[in-house]
Amino acid sequence: MLELAGASSADVREHVAAGGRLAVLAVGALEAHGPHLPLSTDTIVAERIARAVAERCDGALLPAIAYGETWATSGYPGTISLSPETVRALALDIVRGAAASGLDRVVIVNGDFGNRLPLAAAARDLAAEGLRVLVLDHPGLADAADAVRESAPAAPGMNHAEEIETSMVLASAPELVRMERAEPEYPAFPVDFGLRPVRLHEIGASAVFGDPRPATAEKGERLFAAVIDAAVAQVERFVAG
Ligand SMILES: [Zn+2]
């Protein structure tokens with residue numbers, strides 16, 4: 001693995017000359033995750049997966065993007081949201097720059113729901129330019145979450161500041177988790193939730209959706225192991241393609 005933030009230009013030249021083409025970029029968010037988790041939760045989780053992928057696939061790890069498109073949580077203090085156009089433009093510029101350096105197989109490890117559409121749009125734009133991008137949205141997490149969770153999700157498939165996300169931060173940055181503040185919240189969702197844009201502070205006071213209290217670092221390690229294995233399998237196919 002080559003970590004670009006600490007590498008020199010000569011290091012990159014050598015890495016590419018030795019056949020290295022893979023670059024790995026984590027895209028996170030600065031977003032409310034309840035009173036017990038840091039705003040950087042999504043970045044912490046995506047960065048750990050990106051680093052593991054870069055290590056196992058001998059890729060070049062790019063510095064993470066610590067902001068994302070978080071319109072849905074922008075009513076909670078501390079959330080700072082990028083526009084979709086900004087996320088798309090960041091991805092376009094970074095992938096083009098990596099490719100110009102010879103790193104022309106770029107994997108984006110996305111940690112935030114709001115980034116999905118702009119990153120998919122960027123990947124299509126880049127494909128039209130002949131540049132290959134794989135966007136990963138925590139593959140394998142849904143099944144792994146079902147296997148470890150003891151608490152009910154607030155809504156199907158929703159992991160926001162509850163047992164699953166809290167476990168992953170406990171496994172990665174326990175010093176940033178304040179479990180004494182962890183409280184469950186199961187808001188009443190509007191009947192048309194998912195059909196139209198809804199800002200989450202209008203339905204939940206704490207930005208916790210579910211119950212964080214059963215979270216443990218051990219569960220977090222199991223979740224990371226599953227996601228990283230699934231991600232590596234996809235990246236190996238991508239690089240071979
Ligand atoms: Zn999150």
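**Exercise 1. Count the aromatic pairs in this predicted model and classify them.**

Start with the rule. Rings of Phe, Tyr and Trp (its six-membered ring) pair if their centres lie within 6.5 Å; planes under 30 degrees apart count as stacked, over 60 as edge-to-face and the rest as tilted. The count comes to two aromatic pairs. Take Phe-189 and Phe-193: the ring centres are 4.7 Å apart and the planes stand at 55 degrees, so this pair is tilted. Now take Phe-189 and Phe-209: the centres lie 6.0 Å apart, with 40 degrees between the planes, and the pair is tilted.

Residues are numbered from 1 along each chain as its sequence is written. Local features need pLDDT of at least 70, side-chain atom pairs count only at pLDDT 80 or more, totals for chains, interfaces and linings use all residues, and side-chain values use heavy atoms, without hydrogens and water.

**Exercise 2. Decide whether Phe-209 is buried or exposed.**

Apply the cut-offs: buried is under 20% relative accessible area, exposed over 50%, partly exposed in between (1.4 Å probe, protein chains only). Phe-209 has 0% relative accessibility, so Phe-209 is buried. Phe-189, at 21%, is partly exposed. Phe-193, at 31%, is partly exposed.

**Exercise 3. Find the residue that lies over the face of Phe-224.**

The test asks for NZ of Lys or CZ of Arg within 6 Å of the ring centre and within 35 degrees of the ring normal. Arg-48 lies over this face, 4.1 Å from the ring centre.
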